[in-house]
Amino acid sequence: MAEVVPLRPNSTESRTRRRGSIRGRYSPHSVLGLPAPVAMERRKKKSAGFDIAAALEANLDRYPKKEQLWQLLTHWLDAAKWEKLAARYPDYVKALERALVVMSKAPSPQHAIETLQTR
């Protein structure tokens, strides 16, 4: 009759890479003596500001004219001041005020959104 051999001789120690038992045994440096690889952050840096341009672009179908977007921005600014968001999020109110200035100088709403996206 055949002898049954257990797959894991010591059941407390797993031999999988997921738990790091194999990969963790080796030196972090290469055998050739090269320096350890530098970990680089590849994720995109998120800006601390608010993306008013994306919000305006999302509402461009609903408010296609420059005057309508102007009213939408003033409504958002009034609501932010009414809810006292300037104390908690001063960057949000500044972004809305800046968007109003850009909207007033732009020839069309699309130009205003492009200008806000580039800055």
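1. Rings of Phe, Tyr and Trp (its six-membered ring) count as a pair if their centres lie within 6.5 Å, and as edge-to-face if their planes are over 60 degrees apart. In this predicted model, ring pairs join Phe50, Tyr89 and Tyr92 into a cluster.

2. The whole structure holds two aromatic pairs. One of them is Phe50 with Tyr89, edge-to-face, at 6.3 Å centre to centre and with 85 degrees between the planes. Phe50 belongs to the segment before helix H1 (52–58), and Tyr89 to the loop between helix H3 (85–88) and helix H4 (90–105); the two are 39 residues apart, so the pair links distant parts of the chain.

3. On accessibility, Phe50 is partly exposed, with a relative accessible area of 37%. Tyr89 is also partly exposed, at 42%.

4. Phe50 also pairs with Tyr92, again edge-to-face, at 5.2 Å centre to centre and with 75 degrees between the planes. Because Phe50 sits in the segment before H1 and Tyr92 in helix H4, this pair ties together parts that are 42 residues apart in sequence.

5. As for the fold, the protein has five helices and zero strands, and its elements run α-α-α-α-α from the N terminus. Of the contacts with a separation of 6 or more, 43% are between residues 24 or more positions apart.

6. Of the 119 residues in the protein, 24% are buried. The accessible surface comes to about 10,400 Å², and carbon and sulfur atoms account for 55% of that surface.

Notes. Residues numbered from 1 in each chain as written. Predicted model: local features only at pLDDT ≥ 70, side-chain atom pairs only at ≥ 80, totals over all residues. Heavy atoms only, no water. Helix = DSSP H or I, 4+ residues; strand = E, 2+ residues; numbered from the N terminus. Buried < 20%, exposed > 50% of the residue type's maximum accessible area, 1.4 Å probe, protein only. Contact = heavy atoms within 4.5 Å. Areas by Shrake-Rupley, 256 points an atom, 1.4 Å probe, with all protein chains shown as cover. Phe/Tyr/Trp six-rings, centres within 6.5 Å; stacked < 30°, edge-to-face > 60°.
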